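Biologist: Please take one part of this model and go through it closely. I would like the cut-offs stated as the terms come up.

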Amino acid sequence: MTPSRLVVVGSSLAGLRAAEAARRNGFTGTVTMIGAEDHLPYDKPPLSKAFLDADDRPTPVYRDRESLAELGIDLVLGEPATGLDTEVRSVQVGVREIPYDALVIATGARARSLPALEGHAGVHTLRTLDDAVAVRSAVSDGAHAVVIGAGFIGSEVASSARGRGLATTVVEASDTPLARAIGEEMGAVCARLHPAHGTALRTGVTAVGAEGDGRVERVVLSDGSTVDADLVVVGVGAVPDTDWLADSGVTADDGVLADATLATGVPGVYAAGDAVRWHNDLFDETMRLENWTSAAEQGALAARNALDPAAATPYSTVPYFWSDWYGVRIQFAGVARADEVVVVDGDVDAHRFVALYRRGDRLVGALTLARPTEIMKYRALIARRADWAEALEFAAARAEAAAARC
Amino acid sequence: MQIIFDQDKCTGIGLCESFAAEVFEIGDDGALIIHGEAVTEERRGALMQAVDGCPTNALRLVES
């Protein structure tokens, strides 16, 4: 049966790319995009970066309503999908039933909250546009910011708050931030950017409560100390939004489980973006990513595969993300679980360098700080499964060329 | 065929370089360099991917 109704659940990047790709591939049936938020699809990376730096930064909307209408994308916005019936092939949105032939699940992830801090005004998470508007306004009016969690989003927020003159403290439960994302050693190196720019970093402690009369005035830490705060941003990770799939036959376990082609195993149902845990053939690993690059690419491919399962192709990728702290661009390609990490060029203390990650005899990851010209060259090496000796040789040649330019 | 890029939109994330390294390169200063002589018909597929994959919509492919 040729599908005539594509339904995309999720209206962020992966969902939008799914809908666009269907049209680009000449699909002439109906395309319906369901989104929990009222907003048209918008770009999330700037929300914790440039968007916070000045009050007049525009909302990073991808396409206006007219352009979506021109593409023939029907929008069902403002209410989340609440259920899925894979027998009759229908998505429930409250009392509405939206039938599909092909379905792309792209519901993303929601910010994890911290119950110990709930109930006080001035405590935020940062995931959505509404969150970002609230945080920005608080940054604009505030004097003391406390960020819980020294991950990428938390660190970006701290960088913006500090840049706008707030006394800023980052509280991190583990001893080394970012260990899972870029490894312990390099996590520690990046974390040093905070004190180097006047942000206090408190590791090995957790936030156990908030004090203040309605509004937060102080955060209480697990060592008994307190930190003044009129703005608290909780950045302790995200949870895939898959509760609505309960009893649907689609299996979720920290993300919707999918094969290399993003197929869930339920006929007609594919998944993409932060909500999917799929098999990445390039590393022969099952992974769930929360980054722009893979959300965009998975969204487009999931739609193509869902509309033509017989010709489905796998999605394999070298994960890539970037982050901006205190004017330093941090870029990572690959995977961080490694046997060895070697700085091949630059100066770690100056926060300007290239580090490579070795697993066995293979190059599996690359981290650059303030070396934007290098990262994609290593991403290409990782993509073609370059071995370690080749990577070191390449690095030596690059370092030589860079020295010659100076 | 020509690549037009909007300097104000580009933030130097480098995905274009991932798709067509012969054409696009992020420089030491983080700004995009376009190697115009490498914009050829054989690379059309990769160039389209770079244009479509740009996170800030800074690239356009125009027929000349």
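Modeller: UniProt positions are given here in the numbering of this model, with feature names shortened, and such annotations may be inferred rather than shown by experiment. On that basis, an unreviewed UniProt entry places the feature "domain: FAD/NAD(P)-binding" at residues 5-299 of chain A. The model is predicted: local features need pLDDT of at least 70 and side-chain atom pairs pLDDT 80 or more, while totals for chains, interfaces and linings use all residues. Residues are numbered from 1 along each chain as its sequence is written, and chains are lettered from A and ligands numbered from 1 in the order in which they are written.

Over residues 5-299, chain A is 24% helix and 29% strand; helices (H or I, at least four residues) and strands (E, at least two) are DSSP runs numbered from the N terminus. The end C-alpha atoms of this stretch are 17 Å apart.

One open sheet of chain A has three strands in the order β4-β5-β6, with antiparallel pairing (two strands pair if DSSP finds at least two bridges between them). β4 (83-85) and β6 (96-99) of chain A are the edge strands; each has a single partner strand, so one side of each is left without a neighbour in the sheet. Neighbouring strands in this sheet are turned against each other by 25 degrees on average, direction ignored; axes are lines fitted to C-alpha atoms, for helices over the stretch in contact, and angles run from 0 to 180 degrees between N-to-C directions. β4(A) and β5 (residues 90-93) of chain A run antiparallel and are joined by three bridges. Within β5(A), Val91(A) is the bridge partner of Leu84(A).

Chain A also touches chain B, and this contact takes eleven residues from chain A and 14 from chain B (two residues are in contact if their C-beta atoms, placed from the backbone, lie within 7 Å). On the side of chain B that touches chain A, the elements giving two or more residues are α1 (15-19) and β2 (24-26) of chain B. α1(B) gives the most, with three residues. By type, this side of chain B divides into five nonpolar, six polar and three charged residues (Ala, Val, Leu, Ile, Met, Phe, Trp, Tyr, Cys and Pro count as nonpolar, Asp, Glu, Lys and Arg as charged, and the others, Gly among them, as polar).

Chain B itself has two helices and four strands, which follow the pattern β-α-β-β-α-β along the sequence.
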